[in-house]
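Please look over the sequence and the 3D structure shown below. The paragraphs after them go from one part of the chain to the next.

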Amino acid sequence: MPLPSLQFHSTRIFSTLLRRSMATNTTTDLFSPTNTRVGWIGTGVMGRSMCGHLLKAGYTVTIFNRTISKAQPLLDLGARLADSPHAVASQSDVVFSIVGYPSDVRHVLLDSTTGVLSGLRPGGFIVDMTTSEPSLAREISSAASSKHCSAIDAPVSGGDRGAKNGTLAIFAGGEESAVNKLNPLFALVGKVNYMGSSGKGQFAKLANQITIASTMVGLVEGMVYAHKAGLNVELFLNAISTGAAGSKSLDLYGSRILQRDFEPGFYVNHFIKDLGICLKECQSMGLALPGLALAQQLYLSLKAHGEGNLGTQALILVLERLNNVSLEPPAASNPSS
């Protein structure tokens with residue numbers, strides 16, 4: 001029976017051509033400065049540097065930040081200023097957000113009047129890079145889908161230096177095809193790691209924060225112990241940096257601590273927020289993580305002392321107070337005295 005055979009072969013040829021066409025479109029549809037308008041919401045310690053990489057790569061970028069002065073360096077690079085997240089979205093194909101708290105994420109993305117989703121065209125993309133709640137990421141994805149848009153949760157790790165150097169670790173959750181399409185944009189700020197469906201990017205970042213929290217406790221405890229033992233703490237840190245105790249936290253913060261540099265690469269207040277989300281998720285999972293709980297208590301002590309706007313390396317202050325010691329070098333004596 002030749003006709004069914006012919007029909008079968010025609011179907012196979014059509015399917016092959018369709019797959020090739022889809023593969024070609026996937027490549028040609030990748031975002032680039034010539035075909036993509038970018039929106040950016042949140043120009044704080046990290047967001048400002050991250051957005052700057054997109055501007056320097058030639059993208060047309062429209063920005064919104066509650067404090068306009070923090071956006072000025074990006075305006076100087078050629079960014080356009082909008083007066084609301086809605087206005088950003090109406091001028092963008094892809095909108096990135098990196099703000100403070102889940103409540104901020106909900107407001108800037110989902111507010112029915114001023115939010116991003118109210119102004120984004122069908123086919124547009126939302127990329128939230130705030131460390132936030134996995135359940136909220138799934139809610140945003142569902143709301144975006146209902147408006148024929150895509151939403152990716154893509155929190156980052158690497159602090160202010162990673163943001164400045166474009167070397168952040170990016171944890172992406174959502175449709176894998178959407179993440180692939182966004183790769184040229186992600187590559188400008190760091191390395192993207194696809195973690196799974198919506199919310200999985202947030203879960204990965206929370207696990208990252210749990211790891212960092214205990215590492216920071218170990219780092220500052222080791223420094224206080226070395227100091228009490230009479231060691232030169234700088235020599236001690238150099239000695240352990242290439243051994244099993246070496247870590248990114250040591251590399252990023254060891255010298256800052258010794259120099260009493262507590263400027264925020266990542267705010268204590270935001271870290272407390274992250275660890276609180278972690279503990280909430282642990283409760284839902286029936287999971288006991290005592291190291292995480294201890295770290296959050298120590299960081300809450302910083303906040304209680306009015307030090308919530310310092311960087312996470314300020315944890316050394318808690319251990320110094322607990323032990324009535326100080327790693328701060330004594331003031332130089334006055335030669336004339």
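Strand 8 (residues 168-173), helix 9 (residues 176-186) and strand 9 (residues 190-196) make a right-handed β-α-β unit. A crossover is called right-handed if, with the strands pointing away from the viewer, the path from the first strand over the helix to the second runs clockwise. Helices (H or I, at least four residues) and strands (E, at least two) are DSSP runs, numbered from the N terminus. Strands 8 and 9 run parallel and are joined by six bridges; two strands pair if DSSP finds at least two bridges between them. In this pairing, Ala172 stands opposite Tyr194 of strand 9. In a regular strand the side chains alternate between the two faces of the sheet.

The model is a predicted one, in which local features need pLDDT of at least 70, side-chain atom pairs count only at pLDDT 80 or more, and totals for chains, interfaces and linings use all residues. Residues are numbered from 1 along each chain as its sequence is written, and side-chain values use heavy atoms, with hydrogens and water left out.

Now take the chain as a whole. The protein chain has 15 helices and nine strands. Of its 337 residues, 46% are buried; buried means under 20% relative accessible area, exposed means over 50%, and partly exposed lies in between (1.4 Å probe, protein chains only). A contact means heavy atoms within 4.5 Å. Among contacts between residues at least 6 apart in sequence, 67% join residues at least 24 apart.

In soluble globular proteins, nonpolar side chains tend to be buried together. A nonpolar core is a set of buried Ala, Val, Leu, Ile, Met, Phe, Trp, Tyr and Cys residues joined through side-chain atoms within 4.5 Å. The largest such core here has 70 residues, and those with the most contacts inside it are Trp40, Met50, Phe96 and Met129. Helix 10 (residues 200-228) supplies the largest share of this core, eight residues.

Not counting residues up to four places away in sequence, Met129 touches Trp40, Met50, Phe96, Ser97, Ile98, Ala154, Pro155, Val156, Ile170 and Phe186.

Helix 10 also holds Lys205. An unreviewed UniProt entry places the feature "active site" at Lys205; UniProt positions are given in the numbering used here, feature names are shortened, and annotations may be inferred rather than shown by experiment. Is Lys205 buried or exposed? Lys205 has a relative accessible area of 3%, so it counts as buried. Leaving aside neighbours within four places in sequence, Lys205 is in contact with Thr131, Pro155, Val156, Ser157 and Phe171. Asn208 is in helix 10 too, and is buried with a relative accessible area of 18%. Beyond four places in sequence, Asn208 touches Ser157 and Phe171.

The next stop is helix 12 (residues 248-258), where Leu250 lies. The buried residues of helix 12 are Ser249, Leu250, Leu252, Tyr253, Gly254, Arg256 and Ile257. What covers them includes helix 8 (159-165), helix 10, helix 11 (233-240) and helix 15 (315-323). Leu250 has a relative accessible area of 7% and is therefore buried. Apart from neighbours within four places in sequence, Leu250 is in contact with Leu219, Leu237, Ile240, Ser241 and Ala245. The C-alpha atoms of Leu250 and Leu237, 13 residues apart along the chain, are separated by 7.7 Å.

Helix 12 is followed by Arg260, whose phi is positive, near 60°. Arg260 is touched by Glu320, a residue of helix 15. Glu320 is buried at 6% relative accessibility. In the segment after helix 15 is Asn324, which has a positive phi of about 55° although it is not a glycine. Asn324 is exposed, with a relative accessible area of 73%.
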